Each structure stands twice: as C-alpha cells, then as structure tokens.
Amino acid sequence: LVIRPDGGAVAFRSDALGADDLWLASADGRQLMRLTTGNLRPHQLTWTRSGQILFLDREGTLRVVRPSTVSSPTNPGETVPGRIKFEARLRVERGELFREMFAESWRKLRHHFYDPKLHGADWEAVRSKYGAILHHLACVEDFYDLVSLMLGELNASHLGIGGRQRSPQEQTAELGIVWDESYPGPGLRVQEVVKGGPADRKGLDLRPGDYVHAIDDVVLGEKVNLSQLLNDKADEPVRLRVSATPMGQLTRTVEIRAARRQDLLNAYYHRWVEQNRRKVEELSGGRLGYIHLRAMDLASLDEFVRSLYTDNFDKDGLIIDVRYNGGGFTHDQVLAYLGGKEHTYFVTREGQFGTVLRSYDRKWTKPLVVLCNNRSFSDAEIFPNAVRELGLGKLVGLPTGGLVIGTINEQLIDGSFFRVPRLGVYTAQGVNMEKAGVVPDVVVEPNPDDLLRGHDAQLVKAVQVLQEEVRAYFAKRKPVPIPVPSVSEPR
C-alpha cells in the first residue's frame, strides 16, 4: 500500500472480489473504491504530485490511473488505467546473465534447501557438471532445461524454475457441451449442457438428446476434427445446426459465444463435485454428506466451512475428498472443525437437544472418511495423515503422491521464478513424508473402463466404509435423556 502525500487516502492492492487489483480508501475508512479490473496484480505503487497513481501491472507495464475518474465504489466501469510508454536501451550479455542466474540457483539451494545434506547430492560436483554446459545455451528456455536437470540431482519435490509462459498461437475454444461418446453419428449428440457454460444460456434451448449436424456450416462427418473447427473461436459466435432427430429433420440454428477453456475450469469442476455429491446421496439414501476440498487454501476453506454447516452438518457421516488437491497450508484450520467430541447435552423440556450453547461452537463429531489418491499433493497429504493420527476417520483411495515439502518462490536476477524447498515435513513417528506419502486404510485402484463410463469405484467404496463406521458409531452411542412429561402436565 502507499499513502497519498497529503495523508488523506491510501492506495492498496487487494483480491477482495476475486481479482487482484488496485483499490483506494479514505484515511478515515468511510470511502472505498476499486480503481482497476482485470486482475492486473499492481505493484510498486507511487503517488504523483498531480494526484495520479503509477504502478506496474502483472506484465511489468507501467500504468497510471487518476482516482477522481472512477465513478463507482466497487465497479470502475469502463475506466482502464492508461499505459505510459517507456523505452530504454539495455545491453545484456546473455552468457554473463546465464552464469549469474545459474550461480544464484545453485547458491539458493546450497544455503536454504531443507536437508543440509542435499539428499546426498555432491553439490560442488553438480555445479561443475552443469556449469560446464552454460556457454552452449542459446535462449532462456535452454537455460530452464539445464537448471531443471540440475534440480533433478536432488530427487525432491517442490522444485522448479520458469518465467513468462508463451501461449500457443491457436487455442481450442469450448462450447460447454458434453458429447455422447457412444453415439456413432451422423453428427454429434448432446449428452449434457454444462451449467454456467456458453451453451447454458436463456433462449438457446439446447437440451440433452439434441443432435448437432454442422458447426459454422461445416457438416460434421467422420473426417471432421471438432477441435480444429473451434480453434481461435474464443469470444466469437459459433453457429450450430441442431435438430431433435439423428437424420436432421427440422433443423434450427443455435448461436453460441464460445469461451476459452481456462474460463470453463470452474464450471467443469463444480459439475464433477455435484455428480459426486448426488452419487453419495443416492447410495446412502441421503444420510451421508460429501465435500471436496479443491485446495488447501483460504478460498477452499471458506467453501468447506459453508458446505459443512449448511448441507452436511445434519448428516450421519461425512466424506471429505482431497483427490486432485494440489496442497497449500490450511490443514490445521480444516481439522479444527472436525475434532469435536460429544461431552455435554443441552436438552429442553420439549425434547430438543444439542451439544453446544452457541452455534459458532459447533464441531463435527460424527464419523468421517477421507478420500485421497496419487494426485493428492503436499498439504493434501499432511491432512489425511493427520486425520489418521488423530483417530478421526479412515482413508480410502490410492497412496498420495509423496510430494511433501514446505517451499517458497524466489526471483532470479532476470525475474524468473525459482522454487526453494525450505521446510521438511515429518510424521509423529519421525518419517519424512517426502517420497513416502500416505497409504490409505482401504486401497482402491481405479479401472479405466469404470472411469470411461463414469463409475467412481473409490467413491463407492468410501460410502460403504463410512456406512459401516456410522452403524458402529450409533450402536455405541448412548441415548440422549429426553424429559418425560409428568402425569399432571397436559399432553
């Protein structure tokens, strides 16, 4: 943040509305306005004497915004920070630059890698081995490859180097339609319209079972590549010729504005989670709950807490799914909601009862099962291990990835990022979780044929295991003492 020279306002960076942008607040806290949109990730903020704010965006472009031009506290409308053209000639000796970056990379690991023995690697020999190749490098991508080979000598996770990623010249757009893979043709048959996707728009009336015979006037034959048809179509209208019959009688034209694939990641994710939730509800007769933890971060923690206390708190048991969770840092926060034990009952004369006096003191006290797999990484491995160590529930799925180190991102002299693992993670028995991972109590290997037809054997097994735990729990649970009205009381 940066304070205006007169002390009357503060400009700061925040991701309060889901995008990392520039905001402005008055010194007394009474006024708050958002100055930019577009996830610009502003940094190096500076006020000018004329009341403008200079900053660098995520691409390193110098921009300027004048707060007085912003019309709304939370929506700057069409206001776009101006770009300030800045040019300077800088001569860089690429060979010298690569040598300095290599020395930085090697030195950061020698001094800060969590294991002082560097997993047994002779780090001086490693420097000589890879440093001898530096003068052969022609571009930064070659340098990244060389350093990646050097990192491989450590045989550790949470390592990496990189910079700005080059986007492909052509990207395949998405329509938000799941096609029926079993349909042989002609054309394509709609199996599902993804909720919140481009095809899920009022007035399009596109439904499962509809047939698409042409896209942008190209008839969909056996030799037509659908992905090729949708290349470079993001944010553009795409025309579909649709009918209710496979032979194409009474066709109509539907126009869909295609989207970039990355913009549909959330839609497809929530589709998968909803399918899992419905399956658990179906298999358990509505008695078991399901929550997927997407990551071990604050946003996922908020989702977890909302889901726990709304849809799932009254369930007899709970499945917590950390499959495909890349990790983070919130395992203890999640565990704080799960480690409760019933110790006291508060009962009204009408027979209503609870285990706490205040709603915010509620903790999950009933059985739970954790689902994990080989793509549960880092903090998503610490969490299931902790669940087992604390005796909170059983684990179902596949052994986790064994990629468990605490790391930070640092920068090299040219702005490249460089990951430095600085914190080892060990179980209570002294086992280094790096390369060890967590083996579930019940191992379930997924069958590719099952996955193709949408059958999740791990989820089904988790339901079965949890049902057994629920039966045992309620069999041992002592009944709550419910008051019985006396004879003199009216009934």
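**Briefing: loops and backbone of a predicted chain**

K435 sits in the loop that links strand 23 (417-424) with strand 24 (442-443); helices (DSSP H or I, at least four residues) and strands (DSSP E, at least two) are numbered from the N terminus. K435 is not a glycine, yet its phi is positive, near 70 degrees. The model is predicted, with local features needing pLDDT of at least 70 and side-chain atom pairs pLDDT 80 or more, while totals for chains, interfaces and linings use all residues. Residues are numbered from 1 along each chain as its sequence is written, and side-chain values use heavy atoms, without hydrogens or water.

**Backbone points to check**
- L118, also a residue other than glycine, has a positive phi of about 55 degrees.
- You will find L118 in the loop between helix 1 (94-112) and helix 2 (123-131).
- G185 and P186 are joined by a cis peptide bond, with omega at about 5 degrees.
- P186 belongs to the loop between strand 10 and strand 11 (188-193).
- For context, most residues other than glycine have a negative phi, and most peptide bonds are trans.

**The chain as a whole**
- The chain contains 10 helices and 24 strands.
- Along the principal axes, its C-alpha atoms fill a box of roughly 95 × 70 × 55 Å.
- Of the 491 residues in the chain, 41% are buried.
- Taking contacts (heavy atoms within 4.5 Å) between residues at least 6 apart in sequence, 61% join residues at least 24 apart.

Notes: Buried means under 20% relative accessible area, exposed over 50%, partly exposed in between (1.4 Å probe, protein chains only).
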